[in-house]
Amino acid sequence: MARTLAWRDGQAITLASCIAEAATLAERLPANGQPVNLCSDRYLFTLAWLAALVRGQTSLMPPNTMPHTLRQLGDPASPAYALVDDASQDTGGVPTIVVSRPQAAGSAPALQIDPRQWVACLLTSGSTGAPQPQRKRWDELQSSIAAEAHSLCALLDWRSIAGLNLVATVPPQHSYGFESSVLLALLGGAAFDAGRPFYPADIADALARLPRPRALVTTPVHLKALLLAGAALPPVDLVLSATAPLSPQLAQQAESQLGCRLVEIYGCTEAGQVAARRTTATDVWTTLRGVSVESHAGDDGGECSFSVSGGHVLEPTRLADQLELLDGQHFRLLGRANDLVHVAGKRSSLAHLNFHLNRIDGVDDGVFWLPDGQADGVVRLVAFVVAPTLSARQIVDALRPRVESAFLPRRVVHVDALPRQATGKITAQALHEFALRTLPAAARRKAR
């Protein structure tokens, strides 16, 4: 209980202090209701989440803070209330409680949580459809974090992750940010920085404030931006990445510039963490302890589907990805099951195409888009790119050695930025709306 759980403004906060403060905060919460945790400060998020648990309430963790999203949460039997750390935040009319550290807190009570208690309800990101609620049990999360810590130690040749200090660029409401910062500290013995730095200089400053060993918990989009910025970074002992596959080149660059090993986590909100790999060493994923992957034949000769079970995955859970299954514990990731593209008897996936697009030197960010309603059966892929120094022809020429000609983009559209979420993901709906706004404007510019 005396160990450090978090760092805030350079000051260490012990686990005992956090539990005592959470018990004090719990007295301010309503006896009934559906807490929606919107705190961006990672320590205040943790404080609010634990306080709700003391009240016996399961916190909702939405994928965004848009008022439209918040108005859809809760139900008449358990009306929603928002836990915020910014009093000016628009919660769409949902009642709010502003979370802050209590000026005085008593001694830390024992953190007694029923192993079968539902302790969090995360919502999927919406990258493959409408966000769906996913409830998590306490014993499930305990088992998941123990398996993650075991996997990290095996990949890094460490005896323990106790004392590892984490800087995360991922919001704590996201399943990866929740598991690999908040829970890895609370249950795994690490400690997290309270902030969520975004700009490269802020990330460097956050890392420099923490003692070693320290780790950067991030995403491919954030990592690429950090490395491109050329910021002077302090030594790091681990980079942890998730939400999308990393290219071997970017992983190698990260390890070279940061002087440490990089580990990727594969998973989904539905199942949690599933597998890990050290990307510079292999393209094969190894499942976390106790977890197995199984394939299922498709209907009428269609694509196989895959599910995970065992370990911390309480029930068999279908994956949204296509895999190359080597055995029950090892696989290669091929791409999303719902983003497969078939052309002239050939098959690829948008994830695979995006992977190669973002490997091109000079492409700061990029994504393929497949327009709806290809009525004539001709696939006309579009690539949106943030690549100020490259022409469309140069980008297509760079793709030719890596992508079959049938999947080269019919159009390459330069944009200033892509509509990514804080996690670096782009939802299917956001990309669709972005494309419909951007393509007519691009055509008008070209016609001038």
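Is threonine 243 buried, partly exposed or exposed? With a relative accessibility of 25%, threonine 243 counts as partly exposed, because the partly exposed class lies between the 20% limit for buried and the 50% limit for exposed. Keep in mind as you look around that this is a predicted model.

Find it in the loop that runs between strand E12 (238-241) and helix H8 (248-258).

To find aspartate 157, look in the loop between helix H4 (138-156) and strand E9 (165-168). With a relative accessible area of 62%, aspartate 157 is exposed.

## A cis peptide bond

Next, go to the loop between helix H6 (200-209) and strand E11 (214-218), where proline 213 sits. The peptide bond between arginine 212 and proline 213 is cis, with omega at about 0 degrees.

## Helices that cross

How do helices pack against one another in this model? Two packed helices are described by the angle between their axes and the distance between the axes. Here are two pairs to compare on your screen.

| Helix pair | Angle between axes | Distance between axes |
|---|---|---|
| H2 (residues 42-54) and H5 (residues 175-186) | about 75 degrees | 11 Å |
| H4 and H5 | about 95 degrees | 10 Å |

On the H2 side, the residues in contact are Arg42, Phe45, Thr46, Trp49 and Leu50, and they meet Gly177, Phe178, Ser181, Val182, Leu183 and Leu186 of H5. Sorted by class, this contact of H2 with H5 holds seven nonpolar, three polar and one charged residues.

H4 and H5 are likewise roughly perpendicular to each other. From H4 come Trp138, Leu141, Ser144, Ile145, Glu148 and Leu152, which meet Phe178, Glu179, Ser180, Leu183, Leu184 and Leu186 in H5. By class, the contact of H4 with H5 has eight nonpolar, two polar and two charged residues.

## A helix with a buried side

Which residues are buried in helix H9 (residues 350-357)? They are Leu350, Leu353, Asn354, His356 and Leu357. These residues cover an arc of only 165 degrees around the axis, so they are on the same side of H9.

Now turn to the strands. Leucine 216 is in strand E11, and its relative accessible area of 1% makes it buried. Among the residues that leucine 216 touches are Val167, Ile203, Leu226, Val236 and Leu240.

Leucine 240, in strand E12, is buried with a relative accessible area of 1%. Its contacts include Leu216, Val217, Thr218, Val263 and Ile265, together with Glu148, Leu152, Tyr176 and Ser180. Leucine 240 and valine 263 are 23 residues apart in sequence, yet their C-alpha atoms are 5.1 Å apart in space.

Aspartate 321 belongs to strand E19 (residues 321-327). Is aspartate 321 buried or exposed? Aspartate 321 counts as buried, at 8% relative accessibility. Its side chain is joined to the side chain of tyrosine 266 by a polar contact of 2.7 Å.

Threonine 427 lies in the loop between strand E25 (411-414) and helix H11 (428-447). At 13% relative accessibility, threonine 427 counts as buried. The side chain of threonine 427 reaches the backbone nitrogen of alanine 430 at 2.9 Å.

Technical notes: Residues are numbered from 1 along each chain as its sequence is written. This is a predicted model: local features need pLDDT of at least 70, side-chain atom pairs count only at pLDDT 80 or more; totals for chains, interfaces and linings use all residues. Side-chain values use heavy atoms; hydrogens and water are left out. Axes are lines fitted to C-alpha atoms, for helices over the stretch in contact, and angles run from 0 to 180 degrees between N-to-C directions. Helices (H or I, at least four residues) and strands (E, at least two) are DSSP runs, numbered from the N terminus. Contact means heavy atoms within 4.5 Å. Ala, Val, Leu, Ile, Met, Phe, Trp, Tyr, Cys and Pro count as nonpolar, Asp, Glu, Lys and Arg as charged, and the others, Gly among them, as polar. Buried means under 20% relative accessible area, exposed over 50%, partly exposed in between (1.4 Å probe, protein chains only). The arc is that of the directions from the helix axis to the C-beta atoms. A polar contact is a pair of N or O atoms within 3.5 Å; within protein, one must be able to donate a hydrogen and the other to accept it, and residues adjacent in sequence count only if both atoms are side-chain atoms. Angles under 35 degrees count as roughly parallel, over 145 as roughly antiparallel, 65 to 115 as roughly perpendicular and the rest as oblique. Lists of a residue's contacts leave out its neighbours within four places in sequence.
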